[in-house]
Amino acid sequence: MSSHLNVVGQSVRRSDGIGHVTGRTQYSADRSFPGMLHLKMVRSPLHHALIKGIDLSDAERVPGFVRALTAKDVPHNRYTILSLIGVEPEEEFVLAEDRVRFKGEAIVAIVAETEAAAFEAVSKVHLDLEELPAVFDVEEALKPGAPIVTHWGNNTFMYEGHPCRRVRFGDVDKAFEQADYIVEGVYNTSPIEQAPMETTGCIAVPEANGRYIVYTNTQALYFSLDNTSIILQIPGNRLHFIGGTVGGGFGGKVDVIVEPIATLAAILTNRPVRFTYSRSEEMQVSSTRSAWRIYMKDGVMKDGRIVARKVTSYADSGAYSRQTPYALTKHAANAAGPYNIPNVSIDAYCVYTNRQPSSAMRGFGITMASFALEVQMDKIAERVGVDPWTIRFINAYRNGDMKPHRKLAEDATLIETMQAAATLVGHELPDEFKAMTSAPRDASHDGGRE
Amino acid sequence: MASTIVTFELGGREVEVMVKPMTTLQSVLRNQLGFTATKEGCRQGGCGSCTVLVNGEPMMSCLLPVEDVAGQRVTTLESITPAEGLHPLQRAFLDANAFQCGYCTPGMVMISKALLDHDPAPSDDDIRQALTGNICRCTGYRPIVRAVQAAAEAMSDDAGEQAR
């Protein structure tokens, strides 16, 4: 090891370690401010309903009640996190207007002197709801006559005028005709809650100079600041967002879900306001990793080469899109896997249902594709009659290969990773696989494909 | 309902608080006394991040009405942190990188202290058993178990030296 490298190869103490073991690390909810109010949310008890009326009169009589916020109090009552990178249309509401689309959707924010008073007032808000039929399955949601979740008349996110994100590469139908085997599979994944130990939360504090300091445990500080600025229609320079130690996130704290309404409450009351999710809100209301259904069909030659792959994927976005349209795009770019397949067709649908919205979690979009396609690779190996290592070495992509979404492979390491894995588990590879590299194919002397 | 005054011992000194009935020890520690090392992960006894010791026994402070600790001895992470340096458990957690986000760490240290106070030389299984009520989402627990083992060894070395 070169002598000037004093970190590589060493175990280095974390800078926040002392704070963690002594409990002195300050998480957002560890702060407190004089006169701080507590915000709690009235949420829809139904999966899909029209809001006919909201009666606040009993709630307003609870001792300690300060005020209620409804949709009309929110200057720009649209929450579309990806609008910052040009994703349209605006669709979600900070507080529901005439309709709720998932169980747990926020309808009224209650601000009170104590947490107990806020809970009590929440329990005394009377909602007049008219229940509507709901849909919970991605393929049911695409059938004619299914309940429509969105405001634009179908249950898919639209990609440049198409109901799915599409990848077209080569000619899969022709290749299927020429293939020796057709291998098909359908793969389902569950929604997964990120379940950070610290629940999502923030405290918004008015400053004397007309600015607002927001202490938040977001994973996306500037997404949060910019979205809050848009929703509240105030310049970003009046918002001072302070992040810091996040008590676990795993993608669960990327949505901008507590800051805009807490800041609005701080503006309207001119008091510090805390809005922290309960554990049940974190589990039942905050967005999850999306559930997926993935259909795969592969055309394979007797020698193990995959010549065609067709993928139809459905991600359950829940009632609103949040970051799932982006997950679909990543998914479509990765659904062929780290393999060199000359004919690929992918249709990836971002589907709206009446479930809680899904969003970011560790590799979202890609991990589900990897699960499906790697199980599929094992099935192919079984059909061809080779072991799972062989099928992957035969089909592994190399630098210089064109991927189906027209990106040249420049950082392929599948072959080297498998070689290292084989060594670690004590699996003896045949010499031809030991000699392989991810270096670009050379048509003049490799044994690879045409 | 009227508030009542509750007195208990916290980290060796007597404290007196005025509370509504059924106020939890967790809430009193964090919101009235500013002892925020005791965390709030679920407030339903499911995660262990609020673990404190009451008369040396581990308790989840989110489920404990503070009236129940009247006259009792409460120990939090703040109470075991020396004025200088670290408790051997804290040192071991630091050395073993037995945390990532750190949110479960106070509860983990307290439950481990209760274990080592009862059994200075626990087996791996004993440690795992002791930690079953404390959830960590980051580490996968192995560095935490290693930290408790290392702390047990360090504390028994110290005890040996003191005996000589």
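**Domain and chain interfaces in a predicted two-chain model**

In chain A, 22 residues of domain 1 are in contact with 20 residues of domain 2, contact being defined as heavy atoms within 4.5 Å. The structure is a predicted model, in which local features need pLDDT of at least 70 and side-chain atom pairs count only at pLDDT 80 or more, while totals for chains, interfaces and linings use all residues. Residues are numbered from 1 along each chain as its sequence is written, chains are lettered from A in the order in which they are written, and side-chain values use heavy atoms, with hydrogens and water left out.

The two parts of chain A are domain 1, comprising 28–132 and 194–284, and domain 2, comprising 165–192 and 287–408; these bounds come from an automatic or database domain assignment. The centres of domain 1 and domain 2 of chain A, taken over C-alpha atoms, are separated by 37 Å. Between them, domain 1 and domain 2 of chain A bury about 1700 Å², of which 48% lies on carbon and sulfur atoms, where buried area is the accessible area (1.4 Å probe) that two parts lose on being put together, summed over both. On the side of domain 1 of chain A, the residues that lose the most area to domain 2 of chain A are Glu91(A), Phe102(A) and Gln194(A), which together make up 31% of what that side buries.

Two salt bridges are counted between domain 1 and domain 2 of chain A, a salt bridge being a side-chain nitrogen of Lys or Arg within 4 Å of a carboxyl oxygen of Asp or Glu. A salt bridge also joins the side chains of Arg322(A) and Glu92(A), with an N to O distance of 2.7 Å.

The interface between the chains draws 32 residues from chain B and 32 residues from chain A. Chain B and chain A bury about 2400 Å² between them, 54% of it on carbon and sulfur atoms, and in chain B the residues that lose the most area to chain A are Cys101(B), Tyr103(B) and Arg137(B), together 26% of what that side buries. Four salt bridges are found across the interface of chain B and chain A. Asp30(A) and Lys39(B) form a salt bridge through their side chains, at 2.6 Å from N to O. Across the interface of chain B and chain A, 16 residue pairs are in polar contact, both residues at pLDDT 80 or more.

Over all chains the structure holds 33 salt bridges. Among them, Asp58(A) and Arg61(A) meet through their side chains at 2.7 Å, N to O; Asp58(A) is partly exposed, with a relative accessible area of 30%, and Arg61(A) counts as exposed at 61% relative accessibility (buried means under 20% relative accessible area, exposed over 50%, and partly exposed in between, with a 1.4 Å probe and protein chains only). A further salt bridge links the side chains of Glu139(A) and Arg293(A) at 2.8 Å, N to O.

The count of disulfides over all chains is zero, a disulfide being a pair of cysteine sulfur atoms within 2.5 Å. The sulfur of Cys42(B) is too far for a bond, because the closest cysteine sulfur, in Cys47(B), is 3.9 Å away. Cys50(B) is in no disulfide, the nearest cysteine sulfur being that of Cys62(B) at 3.8 Å. Cys42(B) is buried, with a relative accessible area of 11%, and Cys50(B) counts as buried at 2% relative accessibility.

Note on methods. A polar contact is a pair of N or O atoms within 3.5 Å; within protein, one must be able to donate a hydrogen and the other to accept it, and residues adjacent in sequence count only if both atoms are side-chain atoms.
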